[in-house]
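Here is a friendly walk through one protein model, with the cut-offs spelled out as they come up. Please keep the viewer open while you read.

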Amino acid sequence: MGNLRNRLLKILLVLLALGAALFGGCILYLAITDPIQPPYRQYFYPILLAIYLSAIPFFTGLFYGYRFLCQTDSTAQETGTVVQTLRKIKICAITYGILFLLVIPFWIGLAEADDAPGAMFFGLLPICWAVLSYFWSYRYKNRLLQDRKS
């Protein structure tokens with residue numbers, strides 16, 4: 001059962017990476033072919049820059065997540081390498097969250113310019129994702145270290 005779950009999670013990670021890459025490509029194509037109107041331009045391009053800069057830790061975190069699943073799939077599980085992989089996932093999540101925290105003022109400005117106050121919550125969603133990833137890796141790392149002690 002655990003082997004099947006790991007395989008499904010690996011497939012899910014690959015599909016998530018492909019979907020994110022496809023979405024990023026579509027957004028870039030639309031940004032190049034259809035220029036943004038002047039009242040929104042000053043807010044949109046910094047947000048777009050942060051999205052593409054955050055793709056680096058996002059895909060790095062997905063890579064280490066896949067690596068983590070491969071490490072937990074093996075029978076001879078070395079706790080040290082798994083903990084290192086979880087630390088790298090945690091660093092990717094922190095970097096991802098910080099990049100989107102820096103862009104929150106632009107999300108607020110875009111929401112005010114468009115008169116859509118709910119739009120700023122879209123800027124908070126990646127931060128929530130980063131916090132959840134951080135706490136998940138922290139929890140799992142502590143569980144591995146406790147299992148190692150006992």
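## Overall fold

The protein's secondary structure amounts to five helices and zero strands, and along the sequence the pattern reads α-α-α-α-α. Helices (H or I, at least four residues) and strands (E, at least two) are DSSP runs, numbered from the N terminus.

A word on the source: this is a predicted model, in which local features need pLDDT of at least 70 and side-chain atom pairs count only at pLDDT 80 or more, while totals for chains, interfaces and linings use all residues. Residues are numbered from 1 along each chain as its sequence is written, and side-chain values use heavy atoms, with hydrogens and water left out.

## Dimensions and surface

Taken along the principal axes, the C-alpha atoms fill a box of roughly 60 × 25 × 20 Å. The radius of gyration is 18 Å, whereas a compact globule of 150 residues would have one near 15 Å; the value is taken over C-alpha atoms, and the globule rule is 2.2 Å times the number of residues to the power 0.38.

The accessible surface comes to about 10,000 Å², with 69% of it belonging to carbon and sulfur atoms. These areas come from the Shrake-Rupley method with a 1.4 Å probe, and for residues only the protein chains shown count as cover. Of the 150 residues, 32% are buried, where buried means under 20% relative accessible area, exposed over 50% and partly exposed in between (1.4 Å probe, protein chains only).

## Contacts and cores

Among contacts with a separation of 6 or more, 76% are between residues 24 or more positions apart; a contact means heavy atoms within 4.5 Å. Ala17, in helix α1 (residues 2–33), gives a local example: leaving aside neighbours within four places in sequence, Ala17 is in contact with Phe59 and Leu62. Ala17 and Phe58 are 41 residues apart in sequence, with their C-alpha atoms 8.8 Å apart in space.

Which residues have the most contacts inside the largest nonpolar core? They are Phe68, Leu86, Ile89 and Tyr96, in a core of 14 residues. Elements giving two or more residues to this core are α2 (38–73), α3 (79–102) and α5. Another core of five residues lies apart from it, and includes Ile47, Ala50, Val103 and Trp107. A nonpolar core here is a set of buried Ala, Val, Leu, Ile, Met, Phe, Trp, Tyr and Cys residues joined through side-chain atoms within 4.5 Å.

## Helix α2

Pro39 is in helix α2 and counts as partly exposed because its relative accessible area is 45%. The C-alpha atoms of Pro39 and Asp114 are separated by 8.7 Å, although the two residues are 75 residues apart along the chain.

Gln71 is also placed in helix α2. Is Gln71 buried or exposed? Gln71 is buried, because its relative accessible area is 18%.

## Helix α4 and the loop after it

Helix α4 spans residues 104–114, and its buried residues are Ile104, Trp107, Gly109, Leu110 and Ala111. After α4 comes Asp115, in the loop between α4 and α5 (121–149).

The phi of Asp115 is near 55 degrees, a positive value in a residue other than glycine. Most residues other than glycine have a negative phi. Asp115 counts as exposed because its relative accessibility is 67%.
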